[in-house]
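Please study the sequence and the three-dimensional structure shown here before reading on. The briefing that follows is arranged by topic.

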Amino acid sequence: MGLNSTPSSERIHIGFFGIRNAGKSSLVNRITNQDVSVVSSVKGTTTDSIRKTMELLPIGAVEIIDTPGIDDEGELGEKRIKSAKKILNVCDIAVLVSEADRDLNSAEKELISVFTEKKIPFIIAKNKVDLTDDYKNEKNVIYVSAKNNVGINELKEEISNALGSAKKEIRLVADFIQENDIVVLVTPIDESAPKGRMILPQQQAIRDIIDAGGIAVVVQPEQLAKTLKKTNPALVITDSQVFSKVMKLVDKSIPLTSFSILLARYKGFLDTALNGVYKIENLKDGAKILISEGCTHHRQCEDIGTVKLPKWLEEYTRKKFCYEFSSGHGFPEDLSGYDFILHCGGCMLGDKEMLSRMNKANEQNIPFTNYGTAIAYINGILEKSIEIIKDGK
């Protein structure tokens with residue numbers, strides 16, 4: 001994928017952090033070679049996180065995030081600091097921007113502790129090297145001058161080197177098929193998707209099948225029966241919402257799974273989703289369930305998150321529950337009030353952010369699963385839908 005076609009969830013996210021007036025925004029502008037962030041000598045000019053995509057060779061498409069100063073003051077300052085720290089949930093690597101003429105202060109050292117705690121690789125960029133001759137070579141430290149364009153290429157190279165192991169090796173579909181295998185994709189037109197577009201996991205699956213030399217056959221649910229008579233697919237992948245219809249048509253000898261389950265595996269939280277889904281049996285009347293989506297589409301009258309899933313859950317369990325909903329990046333920090341978390345596949349969220357949400361749930365002992373896993377379980381097809389993954393085909 002090129003820069004313009006790479007979705008945000010598939011880009012490497014690089015966060016720039018530091019105290020006010022350390023030169024984060026100036027450095028981001030140099031790195032991106034654009035005036036992305038407003039630059040001023042007034043402390044606290046950056047009031048919210050600013051994002052910019054670029055191509056960083058040899059990594060490819062990345063998203064640069066300029067964050068507010070983490071030493072800001074007052075009530076607004078606290079909100080800015082909270083916003084900056086929240087960005088850490090999405091970062092694949094952090095760049096701590098400090099100043100070349102001084103040692104790290106307590107706020108910067110605290111940030112490093114957070115990087116380490118969250119297992120985020122980081123680089124220290126000592127900015128304003130043009131103002132001092134007194135500096136030394138240190139591990140993990142790059143000396144730069146955003147003003148005079150010094151050390152910028154070296155910093156880019158160091159980021160690329162640090163990210164060398166961050167590239168994802170797991171594939172969405174390709175490792176389950178052979179060259180020339182036929183894969184049937186059941187893709188009902190999603191009312192939530194913009195007109196004329198397919199939802200992201202469907203697009204990604206098609207591309208991955210083609211890259212593996214496979215043959216992608218895309219059908220609507222009502223076309224599946226005729227398609228199966230004419231083809232001998234190696235795999236059928238369905239949208240979770242029509243699982244119950246599809247499973248009646250697909251022969252037991254043909255592997256069947258869903259986009260959502262493949263996406264959970266791809267993003268690294270399928271094991272947690274499988275462990276969490278069985279806890280549906282333990283839910284009591286009045287249990288509080290958080291249903292969370294990574295995108296911010298307009299809710300439709302038959303929206304899967306707010307309408308269909310609550311209905312299916314209550315039909316299956318014969319119980320009534322209380323629901324709260326979140327969307328986009330608005331996932332709660334404190335999950336202690338919930339009995340169960342049901343999350344979308346996370347196609348619009350980066351791996352780091354999805355795993356951060358999963359880890360929060362695990363740390364607070366809240367069962368966590370995703371839409372596709374729950375739907376497969378409710379329909380009695382979960383074991384069938386993960387057979388291909390268990391077999392390691």
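**V246 and its surroundings**

Leaving aside neighbours within four places in sequence, V246 is in contact (heavy atoms within 4.5 Å) with V186, L224, V236, T238 and L256. The structure is a predicted model, in which local features need pLDDT of at least 70 and side-chain atom pairs count only at pLDDT 80 or more, while totals for chains, interfaces and linings use all residues. Residues are numbered from 1 along each chain as its sequence is written, and side-chain values use heavy atoms, with hydrogens and water left out.

- V246 is found in helix 7 (residues 243–249); helices (H or I, at least four residues) and strands (E, at least two) are DSSP runs, numbered from the N terminus.
- With a relative accessible area of 1%, V246 is buried; buried means under 20% relative accessible area, exposed over 50%, and partly exposed in between, using a 1.4 Å probe and protein chains only.
- V246 and L256 are ten residues apart in sequence, and their C-alpha atoms are 9.0 Å apart in space.

**The chain as a whole**

- The secondary structure of the chain comes to 13 helices and 14 strands.
- Of the 393 residues in the chain, 53% are buried.
- Among contacts between residues at least 6 apart in sequence, 71% join residues at least 24 apart.

**Confidence of the model**

- The average pLDDT of the chain is 85, and 85% of the residues score at least 70; pLDDT is the predictor's confidence in each residue, from 0 to 100.
- Over residues 37–47, pLDDT stays under 50, and the model has 25 contacts beyond four places in sequence for these residues.
- Where pLDDT is low, the predicted coordinates should not be read in detail.

- Nine of the nine residues of helix 8 (residues 259–267) are buried, so helix 8 is largely enclosed by the rest of the structure.
- The buried residues of helix 8 include F259, I261, L262 and L263, and also the charged residues R265 and K267.
- Just after helix 8, G268 takes a positive phi of about 95°.
- Six of the eight residues of helix 9 are buried, so helix 9 is also largely enclosed by the rest of the structure.
- The buried residues in helix 9 are L270, T272, A273, L274, G276 and V277.
- The cover over these buried residues of helix 9 includes helix 8, strand 13 (340–343), helix 11 (351–363), strand 14 (368–370), helix 12 (371–378) and helix 13 (382–391).
- T272 lies in helix 9 (residues 270–277) and counts as buried at 14% relative accessibility.
- Leaving aside neighbours within four places in sequence, T272 is in contact with M358, N362 and F368.

**Packing of helix 1 and helix 4**

- Helix 1 (residues 24–32) and helix 4 (residues 152–162) pack at an angle of about 80°, with their axes 10 Å apart; axes are lines fitted to C-alpha atoms, for helices over the stretch in contact, and angles run from 0 to 180 degrees between N-to-C directions.
- Helix 1 and helix 4 are therefore roughly perpendicular to each other, a label for angles of 65 to 115 degrees.
- L27, R30 and I31 in helix 1 meet I152, L155 and K156 in helix 4.
- The residues of this contact between helix 1 and helix 4 divide into four nonpolar, no polar and two charged; Ala, Val, Leu, Ile, Met, Phe, Trp, Tyr, Cys and Pro count as nonpolar, Asp, Glu, Lys and Arg as charged, and the others, Gly among them, as polar.

**Salt bridges**

- A search of the whole structure finds 14 salt bridges, each being a side-chain nitrogen of Lys or Arg within 4 Å of a carboxyl oxygen of Asp or Glu.
- One of them joins the side chains of E63 and R11 (3.2 Å, N to O).
- This pair links distant parts of the chain, since E63 is in strand 3 (residues 60–66) and R11 is in the segment before strand 1 (12–17), 52 residues apart.
- Both E63 and R11 are buried.
- Another salt bridge joins the side chains of R207 and D211 (3.0 Å, N to O).
- R207 and D211 are separated by about one helical turn, because they are four residues apart in helix 5 (residues 200–211).
- R207 is partly exposed at 43% relative accessible area, and D211 is partly exposed at 45%.

Notes. Parallel < 35°, antiparallel > 145°, perpendicular 65-115°, else oblique.
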